[in-house]
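Visitor: Hi! I'm new to this one, could you walk me through it?
Guide: Happy to, let's take a look together.

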Amino acid sequence: AYEKTSMVVLILDNGTTGMTGGQTSMGSGRMPAILRGLGVEPAAIHTVVPLKKNHAQNVAVLRAAIARKGLSVIVCLRECVHSAKGG
């Protein structure tokens, strides 16, 4: 973030920490605030929900992030499939 390197970072937030049995992640729901605290510009932080119904909107967000000069971060929020099935 400090160097303002041109890149897109995708953070896949499924809300759980699978390696410890599926507990809620400490960063879940707080990722934009954490990113701002790390120095990422608010205009460079985007959140998407990776569902088929959101495809066109998500593609637009990704294209804008790729075209942007400097760092862009896209947080993809979707519940863990294993947790959603009650597993």
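**Cores and a pocket**

Guide: Let's start inside this predicted model. The largest nonpolar core has 8 residues in all: Met31, Leu35, Val40, Ala44, Ile45, Leu71, Val73 and Val75.
Visitor: Which elements supply at least two residues of this core?
Guide: Those are α1 (31-37) and β5. The largest share, 3 residues, comes from β5.
Visitor: And what is Ile45 in contact with?
Guide: Setting aside neighbours within four places in sequence, Ile45 is in contact with Pro32, Leu35, Arg36, Val40 and Val73.
Visitor: Okay, what does the second core include?
Guide: That separate core has 5 residues, among them Val61, Ala65, Ile74 and Cys76.
Visitor: Switching topic: what volume does the largest pocket have?
Guide: About 160 Å³. Its lining is made up of Leu10, Val48, Pro50, Leu51, His55, Asn58, Val59, Leu62, Ile74 and Cys76.
Visitor: Which element gives the largest share of that lining?
Guide: Helix α2 does, with 4 residues.
Visitor: How do the lining residues divide into nonpolar, polar and charged?
Guide: There are 8 nonpolar residues, 2 polar and no charged ones.
Visitor: You listed Asn58 in the lining. Where is Asn58 placed?
Guide: Asn58 sits in helix α2, residues 55-67.
Visitor: Is Asn58 buried or exposed?
Guide: Asn58 counts as buried, because its relative accessibility is 15% and the cut-off for buried is under 20%.
Visitor: What is Asn58 in contact with, leaving aside its neighbours within four places in sequence?
Guide: Asn58 is in contact with Val48, Val49, Pro50 and Leu51. Among these, Val48, Pro50 and Leu51 also line the largest pocket.

Methods:
Residues numbered from 1 in each chain as written. Predicted model: local features only at pLDDT ≥ 70, side-chain atom pairs only at ≥ 80, totals over all residues. Heavy atoms only, no water. Buried < 20%, exposed > 50% of the residue type's maximum accessible area, 1.4 Å probe, protein only. Contact = heavy atoms within 4.5 Å. 1 Å grid on protein atoms, 1.4 Å probe; cavity = no way out; pocket = protein on both sides within 12 Å on 5 of 7 lines; lining within 4 Å. Points joined across faces, edges and corners; volume = space filled by probe spheres on them. Nonpolar A, V, L, I, M, F, W, Y, C, P; charged D, E, K, R; others polar. Core = buried A, V, L, I, M, F, W, Y, C linked by side-chain atoms within 4.5 Å.
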